[in-house]
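Trainee: Could we go through this structure together, one question at a time?
Mentor: Gladly; have the sequence and the model open beside you.

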Amino acid sequence: MNTLRLPRASLQQLRSFEAVARLGGIGKAAEALHLAQPTVSTQLKELAQALNLHLLEPEGRGVRLTPHGELLADTVRDLFTRWRRFEEDALAMQGLQKGRLKLAAVTTTEYFIPDLLGPFARQYPGLRIDLAVENRDAVIQHLARGDVELAVMMLPPTDLALERWPFLENPLVLIAPVGHPLAQRSRLRLSEVIKEARLTREPGSGTRQATDQYLAAQGVSWPARLALGSNEAIKHAVAAGLGLAILSRHTLGPDPASQGLVELKVTGLPIRRMWHVAWRSDRSLSLPARTFLAALRQQFSETPPGREVPRPEAG
């Protein structure tokens, strides 16, 4: 008869190791866990001794994981994720009155994500909602590490095991300052507008990646004059006459002219893209995440043309 082998590590040791692996330093981990740095160091030493494995090695002012450390970090993240799901689902069996929904969204979604979360939050007031709003690269890192269950973005990565559901159109349009000479034209060619200075989002932005892909497909070179870290900064720069920019129409609001902006009519534009909600296909979703997906399905009940809307599984 097989007997269950219990772990040779304590929960405190694993919590300290996970924090060090995630933050890249013992001091940072100690601060995040509200522990003294010697305490964390001792727990890491005892963990390595209990497992008889070399888990960490110095790197600059911090530490990095050894191959055995990488393996343990993946295991611990999976363990903690499963335990959190158990707690949330156990509480949810009482009526979804407690628990946590953890999601990330790219920065452009800040113009509509509150409208998605508002009704859900009102329906389940006991749920805690953790939302990280960052650029595309950061959102992908959250998904890869398992920090979040759901992510809203325009371009989900292809190198992660993901399910994805396109639920909302995201047209990317070319904007200019009000009064720009090109704004008087009823139709422009792309070759005409690329003579102007181009403003873009920073590297790592989905909007920039989609725009660069579109320009490459057109065989057009339009180097960026200035890269800025937010949609609002770009809109202000365009309104000030520093250049033209391609942004999501969601960023403009109902009255672009009130912001000193105008959408140019260019053949081939807008760039047609979709907003997706994505989740890891190799991990089960908690009940709060499944419930939020179901709420989105109900809100956006029509399937986008040519796209099949997958139904989140109950498991």
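Mentor: Two strands count as paired if DSSP finds at least two bridges between them, and strands (E, at least two residues) and helices (H or I, at least four) are DSSP runs numbered from the N terminus. This is a predicted model, in which local features need pLDDT of at least 70 and side-chain atom pairs count only at pLDDT 80 or more, while totals for chains, interfaces and linings use all residues. Residues are numbered from 1 along each chain as its sequence is written, and side-chain values use heavy atoms, with hydrogens and water left out.

Trainee: How many bridges join β7 to β11?
Mentor: Strand β7 covers residues 172-177, and β7 and β11 run antiparallel. The number of bridges joining β7 to β11 is three.

Trainee: What is the strand order in the open sheet that includes β12?
Mentor: This open sheet has five strands with mixed pairing. Its edge strands, β4 (128-134) and β6 (162-169), each pair on one side only. Inside it, β5 (residues 150-153) and β12 (residues 274-280) pair in the antiparallel sense. The order is β4-β3-β5-β12-β6.

Trainee: Which residue in β12 is the bridge partner of methionine 153?
Mentor: Look along the pairing of β5 with β12, which extends over four bridges. There, methionine 153 has as its partner histidine 276.

Trainee: At what angle do α5 and α10 pack?
Mentor: Two packed helices are described by the angle between their axes and the distance between the axes. Axes are lines fitted to C-alpha atoms, for helices over the stretch in contact, and angles run from 0 to 180 degrees between N-to-C directions. For α5 and α10 the axes are 11 Å apart, and the angle is about 115 degrees.

Trainee: Which residues of α5 make the contact with α10?
Mentor: Contact means heavy atoms within 4.5 Å. On the α10 side, the residues include Pro288, Phe292 and Leu296. On the α5 side they are Leu116, Leu117 and Phe120.
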